Amino acid sequence: ELIYVNMEGHELSKNQKIILEQLNAIHLQPRYVAAPIERGDSQAIQQLSNALKTWISNQAITSELQEDGTVKQTMGKAALDSLNKLKSGSVDAINELKNEGNIAQHYTTDNFELVTWILIS
């Protein structure tokens, strides 16, 4: 999956075409990496890792802090998409559920491999 998230792990775009267009627009620009990331600073890398982990977990479950301080958990984006596809009788969604399990099982860090990331500043 191609995703575009901010440093808090909130999805800015999941539209594959838009993301590829953004990558195409910058692919010839000079490479720049912030010094802490370039030297492998664990705190800088952990911040990026946390953003990705947040995005992954938000696909199955979204947590919202309530005024009274409690946390309300609801279905995440991927879970809602899957449910809507199942409601419409999508054969692909049924096969996905049989083959990959439920959304919570699919959206775990073990099922994703980071190939590359680009920091836009």
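**Notes on a predicted model**

1. Trp 117 sits in the segment after α6 (103–106); helices (H or I, at least four residues) and strands (E, at least two) are DSSP runs numbered from the N terminus. This is a predicted model, where local features need pLDDT of at least 70, side-chain atom pairs count only at pLDDT 80 or more, and totals for chains, interfaces and linings use all residues. Residues are numbered from 1 along each chain as its sequence is written, and side-chain values use heavy atoms, with hydrogens and water left out.

2. Trp 117 counts as partly exposed because its relative accessibility is 35% (buried is under 20%, exposed over 50%, partly exposed in between; 1.4 Å probe, protein chains only). Together with Met 7, Leu 114 and Leu 119, Trp 117 forms a nonpolar surface patch with about 350 Å² of accessible area, by the Shrake-Rupley method. Patch members have over 30% relative accessible area and no salt bridge (a Lys or Arg side-chain nitrogen within 4 Å of an Asp or Glu carboxyl oxygen), and nonpolar side chains are joined within 5 Å.

3. Now for the hairpin. Strands β3 (residues 61–65) and β4 (residues 71–75) pair antiparallel over five bridges; pairing takes at least two DSSP bridges. Thr 62 has Thr 74 in β4 as its bridge partner. Five residues lie between the strands, and Gly 69 in the turn has a positive phi of about 95°.

4. Ser 13 belongs to strand β2 (residues 11–13) and is buried because its relative accessibility is 11%. Beyond neighbours within four places in sequence, Ser 13 is in contact (heavy atoms within 4.5 Å) with Ile 3, Tyr 4, Ile 18 and Ile 19.

Terms used
Patch = residues over 30% accessible without salt bridge, like charges linked within 9 Å, V, L, I, M, F, W, Y side chains within 5 Å. Areas by Shrake-Rupley, 256 points an atom, 1.4 Å probe, with all protein chains shown as cover.
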